[in-house]
Structures are given as C-alpha cells and as structure tokens.
Amino acid sequence: TPCCTNSLTSMLNDSRLPDVDALFIGGGFPEMFMAELEANSAMRSSIRAAIDSGMPVYAECGGLMYLA
C-alpha cells in the first residue's frame, strides 16, 4: 500500500482543492499567469481555508510566491 497518492489540481482553472491531506505547490513562473491566478479567488480562498485549518503545506519558489 502506498504511503501517499498524488492529486493534481489547477490553480488557474479549478475552484477548490481536491480532498487531500497536504499541499505541495511546486516552483514555476507565477508572474506569467498573474492575472489568471489573481482572478481565481475561489481557489485562493480554498487554499487559505485549508492552511488556516492546519493542513500541512510545502511551497517552493513560484509556489511560495503564490502563497505570499
């Protein structure tokens, strides 16, 4: 039995996080999609609520910029 499974989601197109126990936001170039990322307030609210409720999160480079 695997210790974990991956679940992909789109910060640009999805409106909420899938049912997950932790969040990993990898690097990238969020400045290239700044308008689209900013426009998806539903996903940002979903992520904020998950983090506020104690979900472990790891973000690197562009993922950390997205969280800021």
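Three elements, β1 (23–25), β2 (57–59) and α3 (62–67), each contribute at least two residues to the lining of the largest pocket. Helices (H or I, at least four residues) and strands (E, at least two) are DSSP runs, numbered from the N terminus. The model is predicted, so local features need pLDDT of at least 70 and side-chain atom pairs count only at pLDDT 80 or more, while totals for chains, interfaces and linings use all residues. Residues are numbered from 1 along each chain as its sequence is written, and side-chain values use heavy atoms, with hydrogens and water left out.

The largest pocket has a volume of about 820 Å³. Of its 31 lining residues, Ser7, Thr9, Leu23, Phe24 and Ile25 are the closest to the centre. A pocket is here an open set of points on a 1 Å grid over the protein atoms alone, where a 1.4 Å probe fits, with protein on both sides within 12 Å along at least five of seven lines; lining residues have an atom within 4 Å of a point. Grid points are joined across faces, edges and corners, and a volume is the space filled by probe spheres set on the points. By residue type, the lining of the largest pocket holds 19 nonpolar, ten polar and two charged residues (nonpolar: Ala, Val, Leu, Ile, Met, Phe, Trp, Tyr, Cys and Pro; charged: Asp, Glu, Lys and Arg; polar: the others, Gly among them).

For the second largest pocket, the volume is about 220 Å³. Its lining consists of Arg44, Ser45, Ile47, Arg48, Ile51, Asp52, Tyr66, Leu67 and Ala68. Two or more of these residues come from each of α2 (41–52) and α3, with α2 giving the largest share, six residues. Five of the lining residues are nonpolar, one is polar and three are charged.

One aromatic pair is present in the structure. The ring centres of Phe24 and Tyr58 are 5.4 Å apart and the planes meet at 15°, so the pair is stacked (centres within 6.5 Å, planes under 30 degrees apart). Because Phe24 belongs to strand β1 and Tyr58 to strand β2, the pair ties together parts 34 residues apart in sequence. Phe24 is exposed at 53% relative accessible area, whereas Tyr58, at 46%, is partly exposed (exposed means over 50%, buried under 20%, partly exposed in between; 1.4 Å probe, protein chains only).

Turning to the cysteines, the structure holds zero disulfides (pairs of cysteine sulfur atoms within 2.5 Å). For Cys3, the nearest cysteine sulfur is that of Cys4, 3.9 Å away. Cys3 is exposed, at 80% relative accessible area, and Cys61 also counts as exposed, at 57%.

Note on methods:
Rings of Phe, Tyr and Trp (its six-membered ring) pair if their centres lie within 6.5 Å; planes under 30 degrees apart count as stacked, over 60 as edge-to-face and the rest as tilted.
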